[in-house]
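Please open the model in your viewer and keep the sequence beside it, so that each selection can be followed in both places.

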Amino acid sequence: MTDAAETRRRNRATLERALAAVGDVPAQMAHYTEDTVFEFPYATPPGRVEGKAVIAEYLTGALKIFSMKLTVTQIHETTDPDVLIAEFTSEGVVTTTGKPYANTYISVVRFRDGLICAQKEFYNPNAATEALTPDE
């Protein structure tokens with residue numbers, strides 16, 4: 001197996017474990033570097049969260065509102081063995097409204113030394129807004 005193929009295999013396994021751990025912040029964050037960066041270009045306003053500890057705090061708050069499970073539907077390799085593009089879906093509920101929440105995501109994920117160092121996540125912000133808005 002080539003070094004690039006082995007790197008891709010290792011990174012894919014890391015990504016799959018990280019996404020499977022959503023809901024358990026310490027388990028999820030075990031797959032990220034200390035200086036990792038999350039970006040949410042479609043959030044209102046667009047967001048950027050930097051640093052493992054800050055991201056863990058951010059996720060802890062978000063996951064108190066969004067209770068969900070992620071399902072990976074496809075992972076695409078790129079010419080760079082340290083970059084993968086993941087497609088996944090979520091199913092769950094918004095705890096503050098009781099509304100169901102489902103979304104589709106595309107995430108560009110960068111790795112360093114087998115850990116995730118950056119994740120840029122694209123999703124439908126309308127689905128989140130609808131689920132967060134209480135019925136009248």
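**A tour from strand to pocket**

Begin by selecting V37, which stands opposite E50 in strand 2. The model is a predicted one, in which local features need pLDDT of at least 70 and side-chain atom pairs count only at pLDDT 80 or more, while totals for chains, interfaces and linings use all residues. Residues are numbered from 1 along each chain as its sequence is written, and side-chain values use heavy atoms, with hydrogens and water left out.

Next, select residues 32-40 and 47-50: these are strand 1 and strand 2, which pair in the antiparallel sense over four bridges (strands pair if DSSP finds at least two bridges between them; a strand is a DSSP run of E with at least two residues, a helix one of H or I with at least four, each numbered from the N terminus). A hairpin of six residues joins strand 1 to strand 2.

Now show the side chains of F38 and F40, both of which are buried, meaning under 20% relative accessible area with a 1.4 Å probe and protein chains only.

Finally, turn to the largest pocket, where F40, Y58, F66, E121 and Y123 lie nearest the centre among 29 lining residues. A pocket here is an open set of points on a 1 Å grid over the protein atoms alone, where a 1.4 Å probe fits, with protein on both sides within 12 Å along at least five of seven lines, and lining residues have an atom within 4 Å of a point.

Key
Buried < 20%, exposed > 50% of the residue type's maximum accessible area, 1.4 Å probe, protein only.
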